[in-house]
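Subject: Structure handover

Hi,

Here is the structure for you to look over. My notes follow below.

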Amino acid sequence: MSCTHLDELAPTLRPPSASQQVHREECTLCFDGQDDPEGVFVCLQCFNGGCLAEGRRHAYLHYEKKQHPLGVVVKRTRKEPKKRDASEPPAKRLAISAPAEEELYDYTTSIRCYGCSPVGEIIHTERPEIATVVNGIMHALSSAQRSEVKAWEEEILACEHTLTLLQEPLIIPGEVPTQCLSCNLTSNLWLCLTCGFANCGRQQFGGVGGNGHALEHFKDTGHCLGVKMGTITPEGSADIYCYLCDDAKIDPDLAVHLSTFGIEVQGQTKTEKSMTELQLEHNVKFDFSMTGDDGKELQPVFGKGLTGLKNLGNSCYMASVMQTLFALPAFRSRYTGDAVDHTQMCDLPPVDCVECQMLKLADGLVSGRYSKPATYVPPSTDYESAEPSRFQDGIRPAQFKALIGKGHEEFATMRQQDSEEFLQHLLTRLRQEAKRLGRTEDDEATNIFRFGMEQRLQCSGCKRVGYKVDCVDLASLPVEAVETSTTEDGKKMFKPVALEDSLQGLCATEQLADYACSHCGIKVAAEKTTKFVTYPDLLVLHMKKFQLVNWVPTKLDIPVMVPDTLSLDALRGAGRQDGEEELDSDAPAAAGPQFNEVALAQLEEMGFPTIRCQKALLATGNSDPQAAMTWLFEHMDDPAIDAPLPPAGGVAANEPSDDQLVQLVDMGFTRAQARKALRETNNPERAVEWLFEHPDDVGDDAPATVAPAAIGLTDIGGSATLPATYRLKAFISHKGPSVHSGHYVATIRQPQRGLGEEAEDEWVLFNDEKVAKAPKDGGEEMRGFAYLYVYERV
């Protein structure tokens, strides 16, 4: 049969350019892919991928919307795996390489036209234009396997400091130190590339010790570049760290720089693991530890609501959050009902539409269509093991991750991220999408997170009381760290904390020493308390288990005693009481602060500018000239020391520099939190301490808040009715020294609720693509050391 569409379109078709996305691996609206019997229909005009399976037929839907009739159907089948000869040693895990596509798979292609037939007429053609386009499609993009292996490797680049390094050796060439200059550590040593001194680094993954003397050396000398001894290879690679950039870097001239100290790289043997290897080892060890508290292997489970998400390379933070969300009735009903209506009407490419990708992910996770045992051995090494995994292959949420992370400096990368930060980011994106679609917040699944927290602030001077309500999506709880002992391998042990105590800590009275009262016109002491105004349908509790170790935020393994049910009745705010005079915390004071005239005159006589004297007195109690003078000497180099004082009741006078803000933002704090901490302390190091002492302070640029009387309770979400009783639905656990490294998993109660038969207290572990029946109550250790707890209101 002759195809008129082929004759008409062939002269206009062009192969994909380097910047165009080609979706030949899977459908853009579901997870049917090129490995399925029907294959994927790739449009020859826009390179969209569509499935051909009966009941979905997204390829035909694409034709109906775009009137692009021609496409190539791509199918691939797995080749027999290569067998390792008995005389050959097994490949080391850290030497894994991604096999080429042609080594793993056979491909078949066929041209089809939906313009000639609604089932896709098979067209036989030898036209060179078609062959050129098909060849371009088949060679576009790298394979999924290569992307996953490469995703473990951090993007490390050179910096201006490695490229312009000036060396000033202070050691005799050839006499390289073998011990830290400041302590007796002989491992985890970092050689200063400027002077040649060796100092120990910070504590690292896997229990590697360190006291942070390399960082102290940088602070004392300004020598910013260090190389980790023991990671130097004959090829001239090694771990390089720049303390000025506060990041890992590469040194293109490392061999030359090391030769200054008599170190020849050709003679070096790598004796210590690099930072990337340590992180990879930590992830891999936990990832494959699918055993319960009793040491028995966990049994895989399959079915509706039990589909795994394949790790794309440090994407477990996202997988744990998405598995938790789609175990909730609100998200299931929102994203599994009107999929056909939206996909038929959507005017965006599916890969650029958040709604389309949420619908796709919901179908993939909830339908059970992809929840089946793995068929093939994972293609990750040159030599294959004999049996496929007992678990499932899982679906690859690559299109979803790319879209949700698009434009975000962290979530757009393949680096590990904080699951709590991702949840907040996701809720923001979903609300933006709802506005784009003209939907109201009350109709959205995200509404189940919303609730109001009341902040009550009372001035100790005028006794006036101010109230405001923050609209929030979760509660971050303080966790008391009481060290009880240290194990033989140096691990700190902590006293268990009751979750109810952390909730009480959230709502406890906080003393503010330097509150700028708008009514009094001076800084005074004040009391602040936080209580619930409304209660959400879904309560997410974020456990803040952090401590500063060598100025680096480090997660602490503090066990938490987690009850099955919670009552929040006693934590409800009472609102303004009779007789309380209103304190307008946002209004400027009627007059500026009154300075101690005698102290101010003494400071001015010493030669200090008036503005500096005023700031010193404000910072030290406005009475003691000696204390004020000490403050002046400590803050002479503050960038905003001569900036005018703000109006009374306004922000602190010392506006932090962008460099100071970036330093704290890079540690994971928001810009608003960083600005407030620097204003409160006027010192970057003390600012970090302040942030950890005030974990619930959202900062100077806080989201808009309103007085309780100015809004209705429905505007902030949640419900004020009692009782406020909750039952544990899920928890997201984390293994690793920092929330930005390690591994996340989700443990969920009754993930099949409403989808199939399930026991009342059934718990399921979602560990990337591995889905298994969890131990009783979700597992004592996993439950006690979780990072996020999710409670449903009952």
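How many bridges join E3 to strand E4? Nine, and the two strands, E3 (residues 70-78) and E4 (residues 105-113), run antiparallel. Within this pair, Val-73 stands opposite Ser-110.

Before the rest, the ground rules. This is a predicted model: local features need pLDDT of at least 70, side-chain atom pairs count only at pLDDT 80 or more, and totals for chains, interfaces and linings use all residues. Residues are numbered from 1 along each chain as its sequence is written, and side-chain values use heavy atoms, without hydrogens and water. Strands (E, at least two residues) and helices (H or I, at least four) are DSSP runs, numbered from the N terminus. Two strands pair if DSSP finds at least two bridges between them.

The sheet is open. Its five strands come in the order E2-E1-E3-E4-E5, with antiparallel pairing. E2 and E5 (121-123) are the edge strands, each pairing on one side only.

Now strand E1 (residues 40-43). Val-40 and Val-42 on one side are buried, as are Phe-41 and Cys-43 on the other (buried: under 20% relative accessible area, 1.4 Å probe, protein chains only). E1 pairs with E2 (residues 49-51) over three bridges and with E3 over four. Val-42 stands opposite Gly-49 in E2 and opposite Val-72 in E3. E1 and E2 form a hairpin with five residues between them. In that turn, Phe-47 has a positive phi of about 70°.

Best wishes

How values were computed:
Buried < 20%, exposed > 50% of the residue type's maximum accessible area, 1.4 Å probe, protein only.
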